[in-house]
Structures are given as structure tokens and as C-alpha cells.
Amino acid sequence: MSLEMEQRIANLEQEMMDLRHELEDLKRQQSVAKASTLGARKSIIEQSSAPIPAQNLKPNLNLEPKPKIMTDTEQKVQPQRTFEERIMWALPKLFMVILVMGVLWGLKLVSDYGYLPNEVKIILAYVLSLALAATAYVMERKQIGSSAITISLYGGAFIVGILTTAASAILYEIIGLTLALVIAVVYIGYGIVISYLKKNEVLTIFVAFTSLLLPYLLEYMDFSPVIILIYVVVLFMMLQFVIHQHKQKLALYIATFFTVLAVSIIAFMNNDNRVVFAIGFLVVLTTFYTSWCRLYNAKSKLKYIHVGLQFSLGACSLLLMNFIIRPIENSEALLLILVGLFTALAGYGYKQKWQEAFDSAVTLAFITLCNTLLVMNLPVNVDQLLIPFITFAGVMMSLRLRVSMMKVVGSFAFTITLALSFIFHEPTPFFSIDHVSLIMPGIYLLIIYVYARRPKEALTTFEKFMKEMYMVDIVAVITAGYFLAYVGKLDGTYLAGAGNIPHLVCIILALLFVGSLLVPTKYKGRALTPVLSVFFILFTIMLEIIPYNMQGVEWLNIVTRIVYIAVIVAIMIDLLMKGRIYQIYQEQIEKLLDPIVSAGVVLTMISMWGLISQLSYNSLLDWKLSIAFSTITLFLTASISLWLSTARHLRTLRITGFVILVFAFIKLIFFDLSALDLLIRAVLFIAIGGIGLLLSGRLLKK
């Protein structure tokens, strides 16, 4: 639908709504006026038989606004079709394609059984094509059926003709290749003329798609690649007359995509004349952007979609252009021409005050300029910095423009670049471009997250969907995950050997978890803290229970255990003292304080056991003392649990304390008495007795 048509329809709908409201008000006032007039007339007739002037019976309509009169142009505008009407209009085209395919398969089946030779089959197919076109013409002249049926018949004639020509020349070799080329060109001309006359965008799209299959026929015929390129470029330019005349935007995008793809495939199949193919590629892009500027409407509700498609085609074209110009010397000159094209597009957008189009074109120009630097003779490894930066710039511009398709394309490219950068780069040597290339994607992720979570006045449909899918929150998790993975590479390279546990990653994970608890949700997102908490608990259980040898770096193992114990204790103290973490999560913690503190006490006890076992495993603590300390840990944990449960009225924690106390007595009686000598046994019982008396006194006092 044309741009003028969209604007007129919008104006017409608004005027119709105003007119409907005015008529409703008018009818309401007329009914009130008539009722009051009839009542007055009845009372007057009862008092006097004098006639009442007719003008007194009419309500005063001069005070009401007069309805707007539609112009002739607006009266000719048809309202937009409903979804059901669009389906009804699309069904004939779909059924025509099904019918054509059924007829062609039927002819093939007849030929396979030997009833008809290939020549007769090809003749029947051509007869079918001409019959479809003639039937459509007769129906149109006699006004039989709807326009959707006639357009489907015209399109069916084109389909059958093109497929029959290709089959007769390539599969069956019935007609010569030159004659097949002439027939195909005639059918293509017929398709373009029909598209121009019938003003149907679906027909234009199909003609463009089918016509661009001819280059592969020309390649089969051993035509010069330059001639094939000229054919593709000329065909694309001819389609512009139809696209411009009827404002067919979707046809423009689809025709451009298949044209660019056709030029690229032909260039890949021919190593010679790459410069000519690159120039033809630039001509196609110039034609596309010229048409795009003529069709773009900055006031349209779909402008972000059009800008996104423009950016996506530009980025895809830049990628294909790189493959085409790879064997060419001084290929940066061709990329500079492409930079000039995008710069001209940006300049035109700035002149027309198209902010979104200007920003998109500037981004494409910048990305292409960076790509130009990549193909120049620059210092080694500079491309490792430029490629992630190029994709990062694309994502940032998509976020600024809030264009959905740009976000999808840019995010996909940035994700691939991020993964490859992490896989191939190592932090060795420490001061190197390789190491910087490993750090920069993490910084880019942080910038993207901070920019993506900025407040917006109104969310688009795509942004609402992304919010419901927690996409911005997931970016926060990905950023933290990339940082931990980077620390893991540092750990594996400089601290931990192969096969050992990355303790530096574990320490950073604990610190990140505490940091996420201290930051409000509006800054960190809704998913970061839950994910980090799961990994923190998992690493606590994995690292704190099992003792293991660190091969000369026992101190790092012990430091990691102490850090985890300190983190758990600090969190519990904050919750019990109603500190910052308690205030941030007050609504949730008030309901779950008892089980959280109980779980924290148990984790602390297990972690202390693990630390004692590790000290004994590394021969830093006598094994008898380790048994005694583990028992004291049990009694201390039980005592603290019972004391806190009494002071804070925590029932679950009280039960936990009693359970731990039972285990402590069982361990003391059945294991420690037989394993310890007299001295340690005496000291242990004195310590436990003192702890028990202190606990009993505190509990009885409460």
C-alpha cells in the first residue's frame, strides 16, 4: 500500500470517528429536544387551540458543529482489509500454486508411465501457461470473478512458463539453450508488465524471485559471467519501476536480498573479474538505497521496521562484499566507495531530518570504515580489537534507535564474536593485545547492560516481549558469567595447574554474590542474584566438604574456605541485625528468615568441618586435635543455634540446634572416647562442659 494511501486512510478513519461522535451527540440532543417540544406542545394545546409555528418545533441545530464533508479523494480511499479478508485474498494465489504443482507432477507421472513423450509434455505445459493467461484476460474483460482470481491466473501462467522453459532446456534438452533463453526473457518481460499493470505486490515478489533464478540457467549455458551480472543488475533496475509506481516496500526488500545473493553466488563461482562483480554489487546497493529513500516515510508507524531492514541488508551486504573482494588487490578502495555510499545516505537522512535513518546509515558507514581498516596492512592483531568493537557499535546503535531487527542482527553478530574471542584468545603474555582482546568484550557487555536498562517512557511491543523474557536481566548474568570465565582463564594460566580447582574463580564468585546482595534490584536485574546464589551454594558444598591436595598451594585452598565461611557468617549477621541486605529484601526475608538462618548455620558448620579436615589433610593440624575441634564445632554450633533461636524466636533454628546437639553427643560418646588419648579427652570434656553450662545459663535466663 502506498504512503499516500496510508496517510489518507489514517485521516479518513479519524474523520469518521469524529463524525460518528458528532452524529451521536446530535441524535441525543434531537431526541431530548423533541421530547421537550412535544411536552410543551401538549401543555399549550390544552390551554389554547392556537396553532404553533412550525419553526418553534424545530430544535436549534445551529449551535451544533456541522459534520465534515469528505472530499472526492477521501471518498475513493478504501479502508484497510481485515485479517479475514487478507486471508481470503491470499487463498487463490496459494491454491493456484498448488494447482500448478499438481498439474506439473501429473504430467511427469504420465511421462514416467510412458503415455506421453517429453516433447508432448512440454507442449502441454506451454499450452497450460497460455490458457491460464487467456482465461485471466477473458475473466477480466467480462468482469467474471474477483481480481484475486485473475491475478492468481496471471501468476500461474508465469510460473508454468518459467518452469517449463527451464525443464525443457536443462532436464530434457528438447529445445536449444539460446531459444530457451529467449523464451525465458519473454516470460520475465510478461511478468514485469503484469506486475506493473495489476499493482499486486505478491505478484511482483514472485516475479522477482523467479526471474532471479535465470542466472543459474545462464551459468549452465556457459554465458560470460559479466553478461550474467549485467542481466541481474538490469532486471533489478527494471523492477524498480514497478516498485516505485505502486510503493511496494516489501517487494523492494525481497528483490534486493535475492539480487545481492545472486550476484554473490555468481561471483563465488567465478574467480575472475571480481572487480566487475564488486562494482555491480555496489550498483545494486546504490539502486536499493535510492529506492529506499524514495519510499521511506518518517511519519509511518512501521518506520523502525524499515530502518531495521535497511540496516540488516546493509550489514549482510558488507559481509558478502568482503568475500567478493578478498582476492582483489587494494580492495580497500572498493570498501571506501561503500563508505561513501553510506555517508551519502546519512547526509540525505540528515537533510530530510530522518533521525533513525541517519543514525542507521552513520553506523553502517562507521562499521564499513572499520572493516576497511581490517583489510589494510595494519599492525598484527589489530583486527582482534576491531572486529568485536564493530559488532559492539552495531548493538549500541540498535539500542539507541530501539529497532527490533537491528537488535536481533547486532546481538547475533556480537554473540558469535564474543564466543570466538573467548575461545581463541589467552591472557598470555599478560601485557599483550591477546589479553586486551579477552578483556574488551567483557567491558562491552557491561556497557550494553548499563545502556539497555536505562528507563524508557514507553516500551515497544518487542521491548515488552524482551522484558517478559528477562532479556536485560539475562545480559547481567552473561556479563557476570563472562567475567568469571575470564578469571578462570587467569586462574588456569597463573595459579591453578591442569585438573585443579580454580580457587580464584570461587573467591570472585563469593565476592560477586555478596556484591549482588548489596545492590538494589533496579541496578543488577532480577536474575543475577538468584543465579549467583545457586552457584554459591553449589560451590560451598563442593569445596568445603571434601579435602584435597593443592600440590604446593595449600594456602589458596585454605584462603578460599575461610572466604566462604566469612561470607556466610557476614550474611547471617546482616540478616539478624537488620542490615543493608535485610532492608533490600525485607519483604521476602521477613517470611523466610528462620529457614535462611538455619541453612546458614548448617553451611557454616559444614564449612568449618571442611576447614579442619583440610588442615589435618595437609598435616597442618594433628589428627587427634582435628577430631576434638570438629566435636567442639558441633557443640558450638548447637549452642549458638539454641541461643539465637531463643533470642529471635526462630522455631526452625531451635529444632536445628537440638538436632545438632544430639549428633554432637553421639559423636562424643561413640567415636571420640575411643579415638582420643586421656589428655585431649580431658581438655575436650572441659571445653564442652563449659560451653554446655554457659548455654544452659543463657537459656534458663531467657
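**Close-up views of a predicted model**

**View 1. Asp594 is buried but forms no salt bridge.** The side chain of opposite charge nearest to Asp594 is that of Arg651, 7.1 Å away. Buried means under 20% relative accessible area, exposed over 50%, and partly exposed in between (1.4 Å probe, protein chains only). A salt bridge needs a side-chain nitrogen of Lys or Arg within 4 Å of a carboxyl oxygen of Asp or Glu; Lys and Arg count as positive, Asp and Glu as negative, while His and the chain ends are not counted. Asp594 sits in helix α26 (residues 586–617); helices are DSSP runs of H or I with at least four residues, numbered from the N terminus. Its side chain reaches the backbone nitrogen of Arg651 at 3.0 Å, and a polar atom of that side chain lies 3.0 Å from the backbone nitrogen of Leu653.

The model is predicted: local features need pLDDT of at least 70, side-chain atom pairs count only at pLDDT 80 or more, and totals for chains, interfaces and linings use all residues. Residues are numbered from 1 along each chain as its sequence is written, and side-chain values use heavy atoms, leaving out hydrogens and water.

**View 2. Lys353 has a positive phi of about 60° although it is not a glycine.** Lys353 is in the loop between α14 (332–351) and α15 (355–375). Lys353 counts as exposed because its relative accessibility is 75%.

**View 3. His649 also has a positive phi of about 60° without being a glycine.** The loop between α27 (623–648) and α28 (651–675) holds His649.

**View 4. The peptide bond from Thr428 to Pro429 is cis, with omega near -10°.** Pro429 lies in the loop between α17 (404–424) and α18 (433–452).

How values were computed: Helix = DSSP H or I, 4+ residues; strand = E, 2+ residues; numbered from the N terminus. Polar contact = N/O pair within 3.5 Å; in protein donor to acceptor, adjacent residues only side chain to side chain.
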